[in-house]
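Please open the model in your viewer and keep the selection tool at hand.

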Amino acid sequence: MQKMISKIAPRFPLFIWMGFMIVALAFIIGFFNSQTAAAYFSESKAIRETTLLAERAAVESTNLWLPYFKFLGLGMVLGGIVMALRVILDNLMQTGGKVLANLPADKRPAMPNPPWYGRLMPIVMMLGMLVFIIALIVALQLASQARSVFANPLPAIDAAGAGTALLAQVQNIHATSAWLVPFKFFGIATEFLAIAMGLGTIAYVLKAQTEMLKNGVQMSRSSKKQEVEPESVSAQAPAGETVTA
Amino acid sequence: MNANEKPYQMKVFPVLTVLGWILIGLALIIGLVVLTPTAVNYFGANSKEVRDAAEAGSQLLGQISLLASIPLWLEPLTFLGVAFFICGIALEFSVIPSLVKMRGDAMAQAFPILVKSGK
């Protein structure tokens, strides 16, 4: 699975671009929705509530699904950032591997394994995307319900009594919106967690590689000292005497 | 910064990440456990006429005041959670320059050895 993720990750600009396009599209839809709302509220209350039903339904239903569509776009941008971090990580690991490959096999130190949160990062990112997709699907369902509610004149909606289908739909819209708003923030939190994991892994790998480099320098210096010391000792020792290390 | 010691940013960022999770998780739980059942009771069992006629101190008015007031602080709370996450990420970013500098120092030490061994 990690190999497959490494293959997909370099396509992160496409992901970021798609996310940006979704957010831009949400802005355009929002602009047209505001125009519909302006036209709706320019009429008198009596006309608004009895004849302009389609306009009201369009405004209310768009207000229900548009924020979740926007958040899906933002989630894709954040997901793209996570994929970019994965590319940086893969490159760091590959470069480290190439440098180590130059050493003889017996002197080659083991490559440090990436920490557990580094492996988990793409999964957390995908979980965040799943949250955004679920939120959008639920919001679309609510929007279609809002359309059918606001197809009725406002006085009829207000008069709906306990146990009626109309009141049940109103109840469902309010009740679902109550948890759906924090749910989309849960998706944002999941994406941010993936970014934090990626950055933490990059910091870990950079530190581990620097330590390895420093150890290599120390090993090289100490082995040179060992080479020089026996030579100088044997130069001072009289002929016939053996030098013990 | 010593290569063996952990920079303070790397110690603080997990705390900020966990705090962000707690706040956003709390907002989700409040939405699920408090707001949703209240909205179900308020909108589901009463027509608008009944809701509008609710007297001060009635259960219905208590429910609508809850539905109107909680989201006013709940949304800023979720943003506070997001801010914790962003601060944690900023701290992680701030540690990268010093790590790159350490790597540069190590490279500076390694290069003379590499050049000598090349001869």
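Begin by selecting Leu74(A), which lies in helix α4 of chain A; helices (H or I, at least four residues) and strands (E, at least two) are DSSP runs, numbered from the N terminus. Before going further, note that this is a predicted model, in which local features need pLDDT of at least 70 and side-chain atom pairs count only at pLDDT 80 or more, while totals for chains, interfaces and linings use all residues. Residues are numbered from 1 along each chain as its sequence is written, and chains are lettered from A and ligands numbered from 1 in the order in which they are written.

Is Leu74(A) buried, exposed or partly exposed? A residue is buried if 20 or more other C-beta atoms lie within 10 Å of its own, exposed if 12 or fewer, and partly exposed in between, with C-beta atoms placed from the backbone. Because Leu74(A) has 19 C-beta neighbours inside 10 Å, Leu74(A) counts as partly exposed. If neighbours within four places in sequence are left aside, Leu74(A) is in contact with Gly19(A) and Val23(A), where contact means that the C-beta atoms of two residues, placed from the backbone, lie within 7 Å.

Next select Met76(A), whose place is also in helix α4 of chain A. Met76(A) is buried, because 23 other C-beta atoms lie within 10 Å. Leaving aside its neighbours within four places in sequence, Met76(A) is in contact with Phe15(A), Met18(A), Gly19(A) and Ile22(A). For another pair, pick Leu103(A), which is 27 residues from Met76(A) along the chain, with a C-alpha separation of 41 Å.

**The helices of chain A**

Select residues 12–41 of chain A to see helix α2, which has 30 residues and reaches 43 Å from its first C-alpha to its last, close to the 44 Å expected at 1.5 Å a residue; the expected span is 1.5 Å times one less than the number of residues in the helix. Within α2(A), the residues Phe15(A), Gly19(A) and Ala26(A) are buried, and what covers the buried residues of α2(A) includes α4 (53–101) of chain A.

At what angle do α4(A) and α5(A) pack? The angle is about 170 degrees, and the axes are 8 Å apart; axes are lines fitted to C-alpha atoms, for helices over the stretch in contact, and angles run from 0 to 180 degrees between N-to-C directions. That angle makes α4(A) roughly antiparallel to α5(A), since angles under 35 degrees count as roughly parallel, over 145 as roughly antiparallel, 65 to 115 as roughly perpendicular and the rest as oblique. By class, the contact of α4(A) with α5(A) has 22 nonpolar, five polar and three charged residues; Ala, Val, Leu, Ile, Met, Phe, Trp, Tyr, Cys and Pro count as nonpolar, Asp, Glu, Lys and Arg as charged, and the others, Gly among them, as polar.

**Chain A as a whole**

Go to Met1(A), in the segment before α1 (2–8) of chain A. Met1(A) is exposed, because it has 8 other C-beta atoms within 10 Å.

Along its principal axes the C-alpha trace of chain A spans about 120 × 35 × 25 Å, and 34% of the 245 residues are buried.

Finally, display both chains: the contact takes 40 residues from chain B and 38 residues from chain A. On the side of chain B that touches chain A, the elements that give two or more residues are α1 (8–44) and α3 (59–118) of chain B, and the largest share, 19 residues, comes from α3(B). By class, that side of chain B has 26 nonpolar, 11 polar and three charged residues.
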